[in-house]
Amino acid sequence: ARVYTGYLPPAVTYPCILLTPITEDDNVTLNSLPALKWHRLQIDVFAGTYAAMQDLHDKVSAALSLKTPTPTGYAIKSITPQTGGFYRYEPEIEKHRRSRDYGIWWQKT
């Protein structure tokens, strides 16, 4: 599957994953430890059939549960699904879509 950030381009290739940053917050600490950062990331998966969309969603969820790969210089502390999310059929593009937000705690190492 192709991965896009922010928006789907006009010539999108399906199935695909859309990553949209929602918010980020620093966790300020009073000790010398590096501060944790929290990002909320919306992940949408699109596919031509419900089964293909669900399979892609399951693969994304499984990959996030591993907390890897971790880019050099960063440590991912936690990735957790947030409440909510939705499924819908998008008639204008004739694709099935599932959306879920994830909270990601990380810090520079």
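Me: What percentage of the 109 residues in the protein do buried residues make up?
Reply: The model is a predicted one. A residue counts as buried if its relative accessible area is under 20%. Of the 109 residues in the protein, the buried share is 31%.

Me: Among contacts between residues at least 6 apart in sequence, what percentage join residues at least 24 apart?
Reply: Contact here refers to heavy atoms within 4.5 Å. Among contacts between residues at least 6 apart in sequence, the share joining residues at least 24 apart is 56%.

Me: Why is the pair formed by the rings of Y50 and Y87 given its class, and what is that class?
Reply: The structure holds two aromatic pairs. Planes over 60 degrees apart count as edge-to-face. The ring centres of Y50 and Y87 lie 5.2 Å apart and the planes meet at 80 degrees, so this pair is edge-to-face.

Me: How many residues apart in sequence are the parts that Y50 and Y87 tie together?
Reply: Y50 belongs to helix 1, which covers residues 50–65. Y87 belongs to strand 5, which covers residues 86–90. The pair therefore ties together parts whose separation in sequence is 37 residues.

Me: Which residues form a nonpolar patch on the surface with about 310 Å² of accessible area together?
Reply: Residues of a patch need over 30% relative accessible area. Y50 has 43%, Y87 has 37%, and Y89, a residue of strand 5, has 38%. The nonpolar patch is formed by Y50, Y87 and Y89.

Me: Is D101 buried or exposed?
Reply: R40 is partly exposed, with a relative accessible area of 21%. For D101 the relative accessible area is 14%. The limit for the buried class is under 20%, so D101 is classed as buried.

Me: How many residues apart in sequence are the parts tied together by R40 and D101?
Reply: R40 lies in strand 3, residues 36–47, whereas D101 lies in strand 6, residues 95–108.

Me: What relative accessibility does D44 have?
Reply: D44 forms a salt bridge with R97, and their closest N and O atoms are 3.2 Å apart. This pair links distant parts of the chain, namely D44 in strand 3 and R97 in strand 6, 53 residues apart. R97 counts as buried at 17% relative accessibility. D44 also counts as buried, and its relative accessibility is 0%.

Me: In which helix do D55 and K59 lie?
Reply: The closest N and O atoms of D55 and K59 are 3.2 Å apart in a salt bridge. D55 is partly exposed at 38%, while K59 counts as exposed at 53%. The two residues are four residues apart, about one turn, and both lie in helix 1.

Me: Which residues do salt bridges that share partners join into one network?
Reply: Side chains of opposite charge can pair when their charged atoms come close. Here, salt bridges with shared partners make one network of D44, R88, E90 and R97.

Me: At what distance from the ring centre of F86 does R88 lie?
Reply: R88 is positioned over the face of F86. The distance from R88 to the ring centre is 4.1 Å.

Technical notes:
Residues are numbered from 1 along each chain as its sequence is written. This is a predicted model: local features need pLDDT of at least 70, side-chain atom pairs count only at pLDDT 80 or more; totals for chains, interfaces and linings use all residues. Side-chain values use heavy atoms; hydrogens and water are left out. Rings of Phe, Tyr and Trp (its six-membered ring) pair if their centres lie within 6.5 Å; planes under 30 degrees apart count as stacked, over 60 as edge-to-face and the rest as tilted. Buried means under 20% relative accessible area, exposed over 50%, partly exposed in between (1.4 Å probe, protein chains only). A charge sits over a ring if NZ of Lys or CZ of Arg is within 6 Å of the ring centre and within 35 degrees of the ring normal. A salt bridge is a side-chain nitrogen of Lys or Arg within 4 Å of a carboxyl oxygen of Asp or Glu. Patches are made of residues with over 30% relative accessible area and no salt bridge: like charges are joined within 9 Å, nonpolar side chains (Val, Leu, Ile, Met, Phe, Trp, Tyr) within 5 Å. Accessible areas come from the Shrake-Rupley method with a 1.4 Å probe; for residues, only the protein chains shown count as cover.
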